[in-house]
Amino acid sequence: MAMAYQQKLAEKLTILNDRGTGVLLRMNYIKKTCLDPKLRPQYLTDKTMEASVKYINKKFPNIDFRGNSQYLVGIQKHKSEVMAAMSSYYDSFIDVMEFRDHVYELLNTIDACQCFFNIAVNFDFTKNYLELIITYISVIVMLSRVEDKKVLVGMYNCAHEMSNGSSDPAYPRLAQMFMEYEQPIKKLTEEFGPHTKGVTEALLSLQMLYPRRNLPAEQWRSAQLLSLLSAPASMLDPACCDTMACEYLSLEVMERWILLGYLLCHSSLNTNQSSQELWKMALRSGLYLTIIRDETINIHKITEDYFDGLKGYSKRIADIKECREHVIVNSGAMHRERRGFLRNALKELVKVLEDEPGLLGPKVLFVFMALSFSRDEVLWLVRYSENIPKTKTPEDYVDSYMAELLFYMERLRTLMTKYSRVVQRYHVQYLAQFDALLLNDTMQVLGGGGLLSPAIMLSQVQDVPSLISSKDQEEFDFRALRLDWLRLQAYTSVSKAPLSLKEYPDLAKVMNMTQFHTKMLDNVQEMLHETSDLSILCFYPRVFEKMFSQSSEEVSMQRYLMSFPLACSHFNQTVHPLCPEETEAVEKRSLRLCVTFLEEIAKQTSSVILEICSEQCNLNDQLLPKHCGQTISAARNKKQKKQTLKKGDVQREKPGTESQRKDRAIVTNMDKLHLTLTELCSSFSGSSDFTVFNHIVTPAEFLTSHLETRLTKIIVRMAHYNQTTQEIGRPSDLLAGIRAYTASLHTLSRYLSLDVTRLVKNVLLQQTQPLDSYGGQTITTLYTNWYLEGLLRQASSNLIVHCPAMHCFVNQTIENEQSFRAEEYSDISEMQALAELIGPYGLKFLSENLMWHITSQVGELKKLVIENMDVLVQMRANFDKPEVMANLQKRLPAGENVLKRMTIIGVILSFRAMAQDTLEDIMQKHCPYLMGPIENLRDMVSPDTDIKVTLTVFELASAAGLTCDIDPALVAAFYSSDNSSVDEEYKLTCLLLVYIAVSLPILALDPNSYYSRHYGGHHNNIHCLATAVNQLSAAMFTVESKNIEQHLKEFLLVASSTLLQLGQNVENRVDGKNRDSIYLLLHMIVEASPFLSQDMLESCFPYVLLRNAYREVYKNYIITLG
């Protein structure tokens, strides 16, 4: 007993198991690093080191540092760098050697103590013992798989000797270990010969547990395994048994213990029938065992190859071949049936526990059993997906329903986390009112005061109620109690212990059950990790992605697809403090897999959503007024009893016929889409967010992002813009389509919690900018380009006329038919639709482009003024002298050019005014309470207000669509384009107005200058001169800080004088043609100006001429009243 105390077997087993896991991960990391060309150590790939690498490999371990120094020149040059680069690898191999030494020592101590092992009695002690053996074997196997280990250690030692004059002290033993384990299985079997008795005893304790766990699905089904509904009367009874921890022990772990244990301690297979049967049963379960992560061994092949070199093992070789055949024929189908059973069993368990979470208290063991069984099947399938044996039924190794099993595993984990307080409260009472009392009674029956140290025994009995009563029932820590129980197992399992645990199984049962219940208070997350950790999927990315792909193709599995990204949240549990280098790589891989799955789910979901939206858009399009002509025509023909259809014509179906069903069994495409959408949206509703390596992942945001990206492209595509032919869809049609899409998108709220309003606002707000967030063109850019290049360019050529009477542009009736009807793109409804689509931001961008064209035209006008400056100065001074003006007029060329450019400016400004008016309508509709204060602010501006304040207010008002006396966009354009002095610009502006005024009579020579009552303007768009003169002069004189009204009066005087001269020239009928229409232009300029009045006009131009002019242009039209 004293020896057991002193050896501290429990503590050493615990520490060495954790240490062994870390060392094993380091060996795996070194192997992967050396095989990856991107991660391989630099000095193994450097050409200057090639000779050194070959020499060390050839001469290892006896490397002559002095006699063959020519081979080691590369190391000599970079010895310090080589040492630094190789030190972590060298230290890792030292860790393996030290781990081996400690394992040797502990196993020898355990043999000397003649310890007793039984998984059903001293569970923790036996489990730790077997785990240590398997971990040790795995470390040695992984060490043998590191192909570059000799080079890594040899290079380090060469650099060490060159730097310090002597080899590293550990090098000889390390090199010896490498040489010994060239054939790892042979060496390990030699080492484990003395431990055969202990290992065999521990493995034979599984002969009751392993066969009971390794049953086919038919027997599980007949026993109604994991069913809470099979016995309703006992539903509230606590689920407990004599071997609580054994019930959720991994089947894969037991198989690894049995097969690797009997491989090393093979002598018992020939001497013990029970060992042989247990070994054969494990062999029939599969061909491969996991060493670590994605590293596996073909246990059948390794065992057969090793036994082939031993005498007396021919029967065992025959057993292996027989078991291999059994595996190939039966294993795939058996595991497929198990997965099918577990899917239904977990589904039932989840449904019951979701409805009655209080059952998690008494039936929590069922949860861990279900998770453990399911995890074993998942890992088996993952392992064999890359190692499918040659079989007639390869489909058994493919499971397109894996998503469902993973989903219900995640649901059970979620339920355990969510209702952990329920489980905690139940087991607090269970421990205090049952376990503590039962343990106390058991100790009294034992009467063990003289058999064991009182301190140990009292700690077992007294700690439970005292710990529970001292806590606030929220934070518990029973780790010390569980460690004491492991120590007690070790102390009472030695051969000469005063109290032998195998003679008192009742104590073991009570303590094992108590330990399980304490874990329910403080260790639920670790229990979930132990029973349901799926982090191995991180190291089988190809298999994992293939599973996802297969599941996503099954419509019934689409609701479970979120289980794949959720599984990525397990991957952080695979890292270990002894191998921190791999954490970053594992994190990147985990996030990549998670994002890949979420992107694919979001892609599928968005495709279905937008396909539904497209169908709804098509149905909505059928209801638009533009399609009613045919229906009206058919109804009229029917009334007049005319033949409506010609031969071969098919009668067009009316909107709504798609909803008529003759048979409810008929499934339409929309039905299928809605079913698919329901399934996919169910996957999103399962988890609002989860964590992957400290990254909070929100699945719905992936869907939102996908919808936003695709909806942006769809909207642009719906505009039907063709740059080559300059064709584009009408704004009202696009707006109707967007509204149909938006209405369909809002139905998403029936399926999942998604902020559709935010999504639509983000998309439409991007469309008001020149480029979207991905740098693509938006409808703002498309419509700006089209209106500039398609509409206004033709309007500047007089092919399209601005029609003030109808507030639109119309096509001229000429022989060359236009590709589009201008009024269909520029009437009030279309301009309102445009304003609705691109909003104030889009119209601001449109205005900026318009201003660029205007400033370029103004620049050309200024050049003409400069060329004719002398004549214009004289005309300005002598405008009231007809004889002088007549002479000067002959010296003034390019009058037509000036008026043409001013007309173009006027057309552009008229179009902008139309856009501004419709923007005001839209703003009044959407935010009337905002428009009121803006209008009041604009109206408060007076001529005395500071010009900066005025422009600021006007800029605000203009952005809201309100009309201003001075156009702030024009002012800003002139500010940015003017490079000369203010005085010079002022002079040019005054002379430009004179140039325009004296050129007006030229318009009478143009046959298209006649006024059309129907249009409310002139056929060559010269009525737009009124807008151009007023807005240009207001903006330019504002920039130059001059009085606008005064200079417009001067313009009116010059223009009136010039036009009166046109009226006096009666003899020349060519000059008088369209004279009346030109007179009206003067009246239009005054009407359009906020700075001029009719009184000013009458003071310089007789009103009688205007009245006669109006009578002349209107007398050819029939006026109807009523």
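Trainee: Leaving aside neighbours within four places in sequence, which residues is A805 in contact with?

Mentor: Contact means heavy atoms within 4.5 Å. With those neighbours left aside, A805 touches H1014, Y1015 and G1016. A805 sits in the loop between β5 and β6 (808–811); helices (H or I, at least four residues) and strands (E, at least two) are DSSP runs, numbered from the N terminus. This is a predicted model, in which local features need pLDDT of at least 70 and side-chain atom pairs count only at pLDDT 80 or more, while totals for chains, interfaces and linings use all residues. Residues are numbered from 1 along each chain as its sequence is written, and side-chain values use heavy atoms, with hydrogens and water left out.

Trainee: Is A805 buried, partly exposed or exposed?

Mentor: Buried means under 20% relative accessible area, exposed over 50%, and partly exposed in between (1.4 Å probe, protein chains only). A805 counts as partly exposed because its relative accessibility is 46%. The C-alpha atoms of A805 and V121 are 101 Å apart in space, and the two residues are 684 apart in sequence.

Trainee: How do I read burial along a helix, and which residues of α10 are buried?

Mentor: In α10 (residues 184–192) they are P184, I185, L188, T189, E191 and F192. These residues lie on the same side of α10 because they cover an arc of only 160 degrees around the axis; the arc is that of the directions from the helix axis to the C-beta atoms. The elements they pack against are α6 (79–112), α7, α11 (196–204), α15 and α18 (299–307).

Trainee: What is a nonpolar core, and which residues touch the most other members of the largest one?

Mentor: In soluble globular proteins, nonpolar side chains tend to be buried together. A nonpolar core is a set of buried Ala, Val, Leu, Ile, Met, Phe, Trp, Tyr and Cys residues joined through side-chain atoms within 4.5 Å. The largest one here has 349 residues, and F93, M155, L206, W257, L748, F809 and M902 touch the most other members. Apart from neighbours within four places in sequence, L748 contacts I609, L677, C681, L707, L754 and V756. F116, V121, W485 and V510 are among the 11 residues of a second, separate core.

Trainee: What is a pocket, and what volume has the largest pocket?

Mentor: On a 1 Å grid over the protein atoms alone, a pocket is an open set of points where a 1.4 Å probe fits, with protein on both sides within 12 Å along at least five of seven lines; lining residues have an atom within 4 Å of a point. Grid points are joined across faces, edges and corners, and a volume is the space filled by probe spheres set on the points. The largest pocket has a volume of about 1,900 Å³. Its lining has 46 residues, and T21, K127, E131, H529 and E530 are the closest to the centre. Helix α7 gives the largest share of that lining, eight residues.

Trainee: How many residues line the second largest pocket?

Mentor: The second largest pocket, with a volume of about 810 Å³, is lined by 31 residues. The largest share of this lining, seven residues, comes from α40.
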